[in-house]
Amino acid sequence: ATETRVLSDIEHPNIIKMRAFMKGSFFQADFFVVLDRLYDILNQRISKWKKLQPSGFRKMMDRKGKKSNAQYVERLTVIYDLASALSYLHEHGIIYRDIKPDNIGFDVRDDVKIFDFGLAREFKLAKQTEGGMYLMTADTGSPRYMAPEAALGKPYNENADVYSLSILAWQILKLETPYATFSMNMLRRTIYEKGARPVCDPKWSGIVTNLLQKSWAAPEKRPTMAQVVDKIENELNKNSSDPVLHLDASEKSLRMKQASSQ
């Protein structure tokens with residue numbers, strides 16, 4: 001029911017498209033939706049990227065780092081597209097709340113698609129508290145990527161998605177699972193309560209490292225998702241010969257509608 005309501009009102013090139021849904025009550029047992037088919041999920045893609053990392057003889061043959069840079073741009077583009085989609089949701093008053101590799105896929109054209117909107121919520125309809133936060137369900141999402149304020153049952157807002165994306169971005173760039181050996185008690189004590197975070201690779205650019213560290217800081221210190229998009233775009237333009245064509249969420253949506261009608 002939640003997925004149908006959310007997807008019927010939004011359209012973005014990096015969000016899965018709902019093609020149809022069953023006429024009748026959202027809550028009847030045989031209710032269904034028809035979604036675009038996806039051919040890969042991010043967990044599988046990360047495993048492929050890891051296998052493609054140059055090492056040994058392959059690394060010696062790629063002395064100028066051309067292949068490494070191409071892979072870096074590819075992964076950074078995935079982060080950019082995810083940030084763009086989440087920024088679009090935030091502009092429409094929706095918080096996603098379940099960012100993780102299992103909810104991110106790739107279609108037949110290899111375009112990134114966010115799917116599974118079962119935990120999404122219209123935050124503008126939630127009860128707002130002082131400081132621009134909202135009273136929403138605590139402990140919602142995947143513990144490894146969940147913002148500490150949500151995990152601890154405090155009021156939160158769309159910047160919880162910024163935190164979650166920053167942890168996922170670290171995973172995409174590092175090609176390692178964050179907190180892979182942590183139990184729930186360790187996550188709560190070390191990450192949620194004491195504020196420990198993943199260690200950034202010293203080889204990463206200052207733009208990326210600074211962005212990640214700000215994005216997983218305290219809620220009031222985090223950038224907006226739109227600001228994350230701008231920072232990633234700058235980093236892409238520095239590392240790619242093809243400049244990123246900057247389109248805000250509404251422009252992306254309009255282009256997708258025009259392409260669909262042709």
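Leu 175 is found in the loop between α6 and α7 (184–193), where helices (H or I, at least four residues) and strands (E, at least two) are DSSP runs numbered from the N terminus. Phi of Leu 175 is near 60°, a positive value in a residue other than glycine. At a relative accessibility of 5%, Leu 175 counts as buried; the classes are buried for under 20% relative accessible area, exposed for over 50% and partly exposed in between, with a 1.4 Å probe and protein chains only.

The model is a predicted one, in which local features need pLDDT of at least 70 and side-chain atom pairs count only at pLDDT 80 or more, while totals for chains, interfaces and linings use all residues. Residues are numbered from 1 along each chain as its sequence is written, and side-chain values use heavy atoms, with hydrogens and water left out.

As for the chain in general, there are 10 helices and nine strands. Of its 262 residues, 45% count as buried. Among contacts (heavy atoms within 4.5 Å) between residues at least 6 apart in sequence, 63% join residues at least 24 apart.

The axes of helix α6 (residues 159–174) and helix α8 (residues 206–215) come within 8 Å and cross at roughly 140°. Here axes are lines fitted to C-alpha atoms, for helices over the stretch in contact, and angles run from 0 to 180 degrees between N-to-C directions. The two helices are therefore oblique to each other, given that angles under 35 degrees count as roughly parallel, over 145 as roughly antiparallel, 65 to 115 as roughly perpendicular and the rest as oblique. The crossing of α6 and α8 is left-handed, that is, the near helix is turned anticlockwise from the far one by less than a right angle, clockwise being right-handed. On the α6 side, the contact is made by Val 162, Tyr 163, Ser 166, Ala 169, Trp 170 and Leu 173, and on the α8 side by Val 208, Leu 212 and Ser 215. By class, this contact has seven nonpolar, two polar and no charged residues, with Ala, Val, Leu, Ile, Met, Phe, Trp, Tyr, Cys and Pro taken as nonpolar, Asp, Glu, Lys and Arg as charged, and the others, Gly among them, as polar.

Ser 215, in helix α8, is buried, with a relative accessible area of 3%. Not counting residues up to four places away in sequence, Ser 215 touches Val 162, Tyr 163, Ser 166, Arg 222, Pro 223 and Val 228. The C-alpha atoms of Ser 215 and Ser 166 are separated by 5.9 Å, although these residues are 49 apart along the chain. The side chain of Ser 215 also reaches the backbone oxygen of Leu 211 at 2.8 Å.

Asn 159 has its place in helix α6 and is buried, at 12% relative accessible area. Leaving aside residues up to four places away in sequence, Asn 159 touches Pro 219, Arg 222, Pro 223 and Thr 224.

Two further loops complete the account. Arg 97 lies in the loop between β4 (94–95) and β5 (104–106), and its phi is near 75°, a positive value in a residue other than glycine. Arg 97 is buried, with a relative accessible area of 12%. Val 199, by contrast, is exposed, with a relative accessible area of 64%, and lies in the loop between α7 and α8. The C-alpha atoms of Val 199 and Lys 174, 25 residues apart along the chain, are separated by 9.7 Å.

Key: Polar contact = N/O pair within 3.5 Å; in protein donor to acceptor, adjacent residues only side chain to side chain.
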